[in-house]
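Subject: Structure for your review

Dear colleague,

Please find below the structure that I am handing over to you. My findings follow directly after it.

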Amino acid sequence: MKKLLLIGLVSVTSTASTAALASGHSMPVADAWSNITWDKSAKDMPKGDYARGEKLHSYGLCITCHGEQGIAPSRNAPNLAGNTVLYTYKELQDYKSGLRNEGNGKASVMHAATTPMSNQDMADVAVYYAAQKLPAPTGNYTPPANIKKLVTKGDVSRMITPCASCHGVHGEGRDITPALAGQVPAYFIRTMAAYKHGKRTNDINEGMAQFTQDLTDAEIQGLAEYYANLMPKNPAPAAGKE
Ligand code: HEC
Ligand code: HEC
C-alpha cells in the first residue's frame with residue numbers, strides 16, 4: 001500500500017515537471033514567504049561555519065563571478081562581502097526554490113549554483129561573506145539633494161519610506177534587509193528595475209516592489225550612485241595599511 005502510494009506520488013511529480021519543461025519553465029515554482037514561514041526557516045538555520053564557507057566560496061566556483069572575498073570583479077555580479085547573514089541565507093534559499101527568478105537568465109545561473117547546496121552550506125557561505133569587508137569608495141561624490149532626501153526622509157507624497165529607515169544610515173542592512181553600501185551600481189539598477197516591473201517578487205510582503213513603483217529611472221540611477229559611493233560601516237583597511 002505504502003509502495004503504491006509512493007509510486008503514485010513520483011509519477012505525479014514527474015508529469016508536473018515534464019509539463020513545466022515542455023512549456024519552457026524549467027524553474028521550479030515556489031510559494032512566497034509569509035512572515036510565519038520565513039521566521040520558521042530563519043529559526044531552523046544551521047549555525048554557519050566560517051572555514052567551511054571560505055572553502056565553499058572557492059571550490060563552489062562562487063569566486064569566479066563574485067570575486068576574491070565576495071568583492072565582485074565585474075559590473076555583472078553583486079558584491080557579497082559585508083552583507084548580513086540572514087539576507088545571504090534567504091537569497092540562496094530563494095534562488096534554489098525558484099522564488100527569486102527575474103527571468104533574465106542570471107537567476108538561472110544562481111539556481112544552478114544553489115541546487116546542490118544544503119542549508120548548512122548556505123549558512124556557511126553566509127557567515128563567511130558577512131565577515132568580509134568592502135574597500136572604501138574612491139573619488140569625490142556629493143549626493144544630489146533629491147537623492148539624499150529619498151534616502152533619509154523618503155517622499156510622503158508618493159508613500160516612499162526612507163531607504164535608511166530599513167537599510168540603515170550607513171547602508172549596513174540588518175537581518176533580512178540587505179546592506180547597500182558599496183553595491184555594484186549596474187547590479188543595483190538592474191535589481192531595482194526588476195522590483196519595479198514585478199519581476200523580482202521574493203521579498204516578504206513585496207515591500208520593495210511598493211517603494212520602487214513610483215521611482216523614476218533617473219532616481220534609481222541616482223540611488224545606485226549614492227550607495228556605490230557610501231562608505232561601508234566597516235571598510236577594508238586601505239592597501240598597504242594592513
Ligand atoms: C556564473 C557566475 C556566478 C556564479 C558561479 C555564482 N554566482 Fe551568485 N550571482 C551571480 C549573478 C549574475 C547574480 C545576480 C543575479 C540576479 O540578478 O538575480 C548573483 C547573485 C547572488 C546572490 C544574491 C546577492 C544579492 O545581493 O542579492 C548571492 C547571495 C550569490 N549570488 C551567492 C553565490 C554563491 C554562494 C555562489 C557559489 C555557490 C555563487 N553565487 C555562484 C553570478 C554567479
Ligand atoms: C520597509 C523596509 C525597506 C525600505 C523602506 C526600503 N527597503 Fe530596500 N529592501 C528591503 C528588504 C527587506 C529587502 C530584501 C528583500 C528580499 O528578500 O529580496 C530590500 C532589498 C533592496 C535591494 C536589493 C539588494 C540586493 O542586494 O539585491 C535594493 C537595491 C534596495 N532594497 C534599495 C532600496 C532603496 C534605494 C530604498 C529607498 C528608496 C529602499 N530599498 C527602501 C527593505 C526596505
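The shell around ligand 2 draws at least two residues from each of α9, α10 (185-196) and α11 (207-213). Here helices (H or I, at least four residues) and strands (E, at least two) are DSSP runs, numbered from the N terminus. The largest contribution to this shell comes from α9, with 4 residues. In total, 23 residues surround ligand 2, and T161, C163, C166, D203 and L223 are the closest; a residue is near a molecule if its C-beta atom, placed from the backbone, lies within 6 Å of it. By type, the shell around ligand 2 holds 13 nonpolar, 8 polar and 2 charged residues (Ala, Val, Leu, Ile, Met, Phe, Trp, Tyr, Cys and Pro count as nonpolar, Asp, Glu, Lys and Arg as charged, and the others, Gly among them, as polar).

Please note that this is a predicted model, in which local features need pLDDT of at least 70 and side-chain atom pairs count only at pLDDT 80 or more, while totals for chains, interfaces and linings use all residues. Residues are numbered from 1 along each chain as its sequence is written, and chains are lettered from A and ligands numbered from 1 in the order in which they are written.

As to the overall fold, the protein chain has 12 helices and 0 strands. Of its 242 residues, 31% are buried (20 or more other C-beta atoms within 10 Å of the residue's own; 12 or fewer is exposed, in between is partly exposed; C-beta atoms are placed from the backbone).

One helix pair deserves a description. The axes of α5 and α7 (residues 119-130) come within 8 Å and cross at roughly 140 degrees, with axes fitted to C-alpha atoms over the stretch in contact and angles running from 0 to 180 degrees between N-to-C directions.

Q69, at about 55 degrees, is found in the loop between α4 (62-66) and α5 (85-97), and is partly exposed, with 19 other C-beta atoms within 10 Å. M159, also at about 55 degrees, lies in the loop between α8 (145-152) and α9 (163-167); M159 is exposed, with 11 other C-beta atoms within 10 Å.

Yours sincerely
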